[in-house]
Amino acid sequence: MDTPRYLLSMVLVVSIPPAILFWLVGHQQVALLRELGLQLSYTLLGGVVLLSMFPLLRLRTILVGADLGQSWELVGLGVLL
């Protein structure tokens, strides 16, 4: 059970902050991105997202932290929520 939890935490830690960055830049610069065109806009934003993933991947041990184990009570509560 440790490996799936670690992989899930890695996916979340490495992908969510760049996705938020993609959304923020994409919505703040919509006029500029429309002028650049769809392919160039997604290429630039995709490059920014990939470049922002590398530092997060390098700092994963600090960002994920220690494994505190699993509590089935909290899993059940999470499923209910």
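Reader: Is serine 41 buried or exposed?
Author: In this predicted model, serine 41 sits in helix α3. The cut-off for buried is under 20% relative accessible area. Serine 41 has a relative accessibility of 6%, so it counts as buried.

Reader: Which residues does serine 41 touch, leaving out those up to four places away in sequence?
Author: A touch here means heavy atoms within 4.5 Å. With residues up to four places away in sequence not counted, serine 41 touches Leu33 and Leu36.

Reader: Where do the buried residues of α3 lie around the helix?
Author: The buried residues of α3 are Ser41, Leu45, Val49 and Leu56. Seen down the helix axis, they fall within an arc of 55°, so they line one face of α3.

Reader: What do the buried residues of α3 pack against?
Author: Contact is counted for heavy atoms within 4.5 Å. The partners of the buried residues of α3 are the helices α1 (2-28), α2 (30-36) and α4 (60-64).

Reader: What span should α1 have at 1.5 Å a residue?
Author: Helix α1 has 27 residues.

Reader: At which residue does α1 bend?
Author: The bend in α1 is about 25°. A proline, proline 17, follows within four residues of the bend, which is at serine 15.

Reader: Which helices are included in what covers the buried residues of α1?
Author: The buried residues of α1 are Ser9, Met10, Val13, Val14, Pro18 and Gly26. What covers them includes α2, α3 and α4.

Reader: How are the rings of phenylalanine 22 and tyrosine 42 arranged?
Author: The count of aromatic pairs comes to 1. Planes under 30 degrees apart count as stacked. The ring centres of phenylalanine 22 and tyrosine 42 are 6.1 Å apart and the planes are at 20°, so the pair is stacked.

Reader: Which helices does the pair link?
Author: Phenylalanine 22 and tyrosine 42 are 20 residues apart, so the pair links distant parts of the chain. These parts are helix α1, with phenylalanine 22, and helix α3, with tyrosine 42.

Definitions and conventions. Residues are numbered from 1 along each chain as its sequence is written. This is a predicted model: local features need pLDDT of at least 70, side-chain atom pairs count only at pLDDT 80 or more; totals for chains, interfaces and linings use all residues. Side-chain values use heavy atoms; hydrogens and water are left out. Buried means under 20% relative accessible area, exposed over 50%, partly exposed in between (1.4 Å probe, protein chains only). Helices (H or I, at least four residues) and strands (E, at least two) are DSSP runs, numbered from the N terminus. The arc is that of the directions from the helix axis to the C-beta atoms. Rings of Phe, Tyr and Trp (its six-membered ring) pair if their centres lie within 6.5 Å; planes under 30 degrees apart count as stacked, over 60 as edge-to-face and the rest as tilted. The expected span of a helix is 1.5 Å times one less than its number of residues. The bend at a residue is the angle between axes fitted to the seven residues ending there and the seven starting there.
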